[in-house]
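Colleague: Could you take a close look at one part of this model for me? I'd like to hear about a single residue and its surroundings, with the rest of the chain as background.

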Amino acid sequence: MRRRSEIAAVAGELLASSLDWQATLDQVARVALPTLADLCVVSIDDGAQQLARAAAAHLDVDKQGELSRLMLAAGPSALERTVNETRRSELRADLRIGASRDVDRALCELFGARSAMVLPLIIGDRALGVITFCAAESGRRYGSDDLAIGEVIAARAALAIEHALLYKRLQQALRARDELLAIAAHDLKNLVAIVKINAVFLLRCAPPKDRRGSKKQIDSIDRVAARMNDLVRDLLDGASIESGKLTIRRGRQKVGMLVADAARTMQPAAAERQLRLDVELPLEEIEVMCDPTRIHQVLTNLIGNAL
């Protein structure tokens, strides 16, 4: 019981080291080497009880490449499919006495597997696949105690695979969202540009006597269009921040120009509220390293909140 707990603790620590899908599968394949097995094969269920080989590991690094190539190219064995369907562990204590008919023949003939355990990877009522442990060069012959330890490791492995699968699906969903946002933002920017162009065209086409009165409405349209562009940019920035891909382009900037530019942008909004927006700057020019676009966002938001 103590050995089982120690192995489970080590396995849990190793399997919690990554959320990457393939890295997790590779770690699952290696987690019991050499404590319990000389080689291991992991097969994953696609959700419809269809198994596919996903990872393989051998204690002998010289045999690792060949094992991975053969196992990933071949389909799962009859025993793997049976365990996946019944969700019950199977022990083949001695593969040399004819008990290997439902085990992958390559494991026995090419890699000298002498004893094997095939265990289901289960989370709740769902089967995620199976994991096969084999003893070869070590000469180990599996028994009930080994099977109990294997089931503990399989439970930890299933949890790690479930976490990696959820993370993989989350990443896929985020990529799909980002692609949709990029398409929507591009289309919205084009529409906003059309609105601004037509607003200017209407002002130019208006009779001279009507231009002064129309200019106020046209300016209002232009400000709304600019605000729509800002909202689209903020939406894309939010998605970029969540995905860790927000771009910052730093450079040396003059503080006075940054503040004056933000004030000019917000001047129409202040005028609408019958407020006067004054800018007071120190006589000495100050320079900072920053992204001017991001600082412009910060300053206009601050002024907008004050208005």
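Predicted model: local features only at pLDDT ≥ 70, side-chain atom pairs only at ≥ 80, totals over all residues.

Modeller: Among contacts between residues at least 6 apart in sequence, 67% join residues at least 24 apart. The chain has nine helices and seven strands, and buried residues account for 36% of its 307 residues. Its accessible surface comes to about 18,300 Å², with 55% of that belonging to carbon and sulfur atoms.

Now for H296. You'll find H296 in helix α9, which covers residues 292-306. Is H296 buried or exposed? H296 counts as buried because its relative accessible area is 18%, and the cut-off for buried is under 20%.

Which residues does H296 touch, once you set aside those up to four places away in sequence? They are D261, A262 and T265. With D261 there's also a polar contact: the side chains of H296 and D261 are joined at 3.3 Å.

R273 lies in the loop between α8 (255-272) and β7 (287-290). With a relative accessible area of 47%, R273 is partly exposed. Follow the chain on from there to L307: R273 and L307 are 34 residues apart in sequence, yet their C-alpha atoms are 7.8 Å apart in space.

So, back to your residue: H296 is buried, sits in helix α9 and has a side-chain polar contact with D261.

Conventions
Residues numbered from 1 in each chain as written. Heavy atoms only, no water. Helix = DSSP H or I, 4+ residues; strand = E, 2+ residues; numbered from the N terminus. Buried < 20%, exposed > 50% of the residue type's maximum accessible area, 1.4 Å probe, protein only. Polar contact = N/O pair within 3.5 Å; in protein donor to acceptor, adjacent residues only side chain to side chain. Contact = heavy atoms within 4.5 Å. Areas by Shrake-Rupley, 256 points an atom, 1.4 Å probe, with all protein chains shown as cover.
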